[in-house]
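Here is a friendly note to read alongside the model. Please keep the structure open and follow the points in order.

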Amino acid sequence: MSERSVSRAKQEKRWYTVLAPEQFDREELGETPADEPEKLYERTIETTLGDLKGAASENNTKLTFKINDVGSDTAYTEFKEHSLTRDYLRSLVRRGASKIEAYVTVLTTDDYRVQIQPVAFTTKKADASQEKAIREEMVAMIEEAAAERTFEELIDSVVEGRLSSAIYGEAKTIYPLRRVEIQKATLEAHPEEVAEEEATAVDVDEEDVAAD
C-alpha cells in the first residue's frame, strides 16, 4: 500500500463515542475508531466500576462491555463480564484460613444464561465438611437469586454487592467468614441462543427415540 493510500485510509476512519448499557446510565466509556460501522460490532471495551461511578474505591471491579449496536457517531454496548482484579483477590487471602470457590451456571427469569463464580474467605481454617456446606450454600443462593430476577436485576445485585452480602449473611452461620465476593460473572448466552440450544436438544432426543 502506498503512503497516499495509507494516509487516505487513516482519514476515512471515524471515531465513535462508546456508551455503557442503560442499566449503567449510558455512561461514556471512551471512543473507538472504525472505517466501517459494521467493524465495531463484537468489539469489547473494558473499564472499572470506579471509572463509571467516579469512585477510586471501586477500581478493583472490572467491567467488560461488548458493542452490539451502532448509530451515526455512537456505539452502544451490552454487559459481557464483571470481575475482580487479581491483586484485590490476592489481598483477601490469609495464611491459616480457607478460600472456598464455586462455579454455577444459572438461567434468569428472562432466559439469559450467566456463569457466576462466588468465593468465600473464612477467618480460620475450615474443615472439608464445612467448606462443602459453604460451597453448597453459595450455589443454592445464586440459583435462587437467578430464579427470581431478570438478567439486568441479577447483574445489578452482583455489581452493587447485594448478592455477595446476602450470601455472607447466610454462610457465616456455617463457619465464621471474613468476606464473600462474586469474583466473576459472565454472560454466556442470550435468550435466543438458549432457545436454539433447547430446540436442538429436543431434536436430538426425538431422533434417539425414533432410533430405539
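1. Let's start with T48, which sits in strand β3 (residues 44–48); strands here are DSSP runs of E, at least two residues, numbered from the N terminus. This is a predicted model, where local features need pLDDT of at least 70, side-chain atom pairs count only at pLDDT 80 or more, and totals for chains, interfaces and linings use all residues. Residues are numbered from 1 along each chain as its sequence is written, and side-chain values use heavy atoms, leaving out hydrogens and water.

2. Is T48 buried or exposed? T48 counts as buried because its relative accessible area is 15%, and buried means under 20%, with exposed over 50% and partly exposed in between (1.4 Å probe, protein chains only).

3. Which residues does T48 touch? Beyond neighbours within four places in sequence, T48 is in contact with E58, N59, T61, K62 and L63; contact means heavy atoms within 4.5 Å.

4. Now the wider view: an automatic or database assignment sets the domain bounds, giving domain 1 (14–82) and domain 2 (86–191). Ten residues from domain 1 and 14 residues from domain 2 take part in the contact. The centres of the two domains, taken over C-alpha atoms, are 26 Å apart.

5. How many salt bridges link domain 1 and domain 2? The count is zero, a salt bridge being a side-chain nitrogen of Lys or Arg within 4 Å of a carboxyl oxygen of Asp or Glu. On the side of domain 1 that touches domain 2, strand β5 (residues 74–84) gives the most, with five residues.

How values were computed. Helix = DSSP H or I, 4+ residues; strand = E, 2+ residues; numbered from the N terminus.
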